Amino acid sequence: YQKVIARSCDELWGLEPDQGITPEPGIFTQFQHAMMETAVLPENAFDAAYSFMVMEHVADPVGFLKAVHRCLKPGGAYYFVTVNKRHYFTLLASTMRALKIDEMMLRVLRGRQSVEGYHYPTVYKANKPEQIDELARQAGFEKPDYVFTETEGPAPYLPGPLKLILWTMQAKRRMIKNPNVLLRLVARLRKPK
């Protein structure tokens, strides 16, 4: 996605908090290893900002959103995709997090090496419209817009015999037509003009 976006814009800036991850050369005009809240970014400079599967990990969503708001031009928008807290997979994952068994379950499902190599703890503070509406208001954004989607489901978390759970989820999707409970939440937050 980053390559496609880079071809479609004059400048593409990137942030990555993990020092061990380096982007492919030539994608970003500017790149920093930083958190959104601590990144050195110009004010009122960007037409759009986006993140993919980040908001479920943000411990201080108001601080994060205020930092995004500060660097967007008036009328600019922040787009993000995150897991929908109303989806039963996310409800189960957040319950395991509350019980402090989520890390253990990830190691069982994905193996210690795999979990250590990619995983960031989830906090689920910005994953349903009611939360995001209030966070957006506090950060100075207009009321957000939402779309809910679901494609393959959380396949990486359900290997081997656990694929039966994935198939059950996919069957559920064909039967339950409520879009508000689909796995992915896509939000658009606009900075007022």
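Me: Is Arg 86 buried, partly exposed or exposed?
Reply: Arg 86 counts as partly exposed, because its relative accessibility is 31%, and the scale used here calls a residue buried under 20% relative accessible area, exposed over 50% and partly exposed in between (1.4 Å probe, protein chains only). Please keep in mind that this is a predicted model, in which local features need pLDDT of at least 70 and side-chain atom pairs count only at pLDDT 80 or more, while totals for chains, interfaces and linings use all residues. Residues are numbered from 1 along each chain as its sequence is written, and side-chain values use heavy atoms, with hydrogens and water left out.

Me: OK, and which side chain does Arg 86 meet in a salt bridge?
Reply: The partner is Glu 130, with an N to O distance of 2.3 Å; a salt bridge here is a side-chain nitrogen of Lys or Arg within 4 Å of a carboxyl oxygen of Asp or Glu. Arg 86 sits in the loop between E4 and helix H3 (88-98), whereas Glu 130 belongs to helix H6 (residues 129-139), so this pair ties together parts of the chain that are 44 residues apart in sequence. Helices (H or I, at least four residues) and strands (E, at least two) are DSSP runs, numbered from the N terminus.

Me: What about Arg 137, which residue does it pair with?
Reply: Arg 137 forms a salt bridge with Glu 134, and their closest N and O atoms are 2.5 Å apart. The two residues are three apart in helix H6, so about one helical turn separates them. Arg 137 is exposed, with a relative accessible area of 54%, while Glu 134 is partly exposed at 33%.

Me: Changing topic: where is Phe 141, and is it buried or exposed?
Reply: Phe 141 lies in the loop between H6 and E5, and it is buried, because its relative accessible area is 7%. Its C-alpha is 8.9 Å from that of Lys 66, although the two residues are 75 apart in sequence. For the chain as a whole, buried residues make up 35% of the 193 residues.

Me: How many helices and strands does the chain have?
Reply: There are seven helices and six strands, and from the N terminus on they run α-β-β-β-α-β-α-α-α-α-β-α-β.

Me: Which residues other than glycine have a positive phi?
Reply: Among them are Asn 44, with phi near 50 degrees, and Met 53, with phi near 55 degrees. Asn 44 is in the loop between strand E2 (30-32) and E3, whereas Met 53 is in the loop between E3 and helix H2 (61-71). Asn 44 is partly exposed, with a relative accessible area of 40%, and Met 53 also counts as partly exposed, at 22%.

Me: Last one: how much space lies in the second largest pocket?
Reply: The second largest pocket holds about 190 Å³. On a 1 Å grid over the protein atoms alone, a pocket is an open set of points where a 1.4 Å probe fits, with protein on both sides within 12 Å along at least five of seven lines, and lining residues have an atom within 4 Å of a point; the volume is the space filled by probe spheres set on the points.
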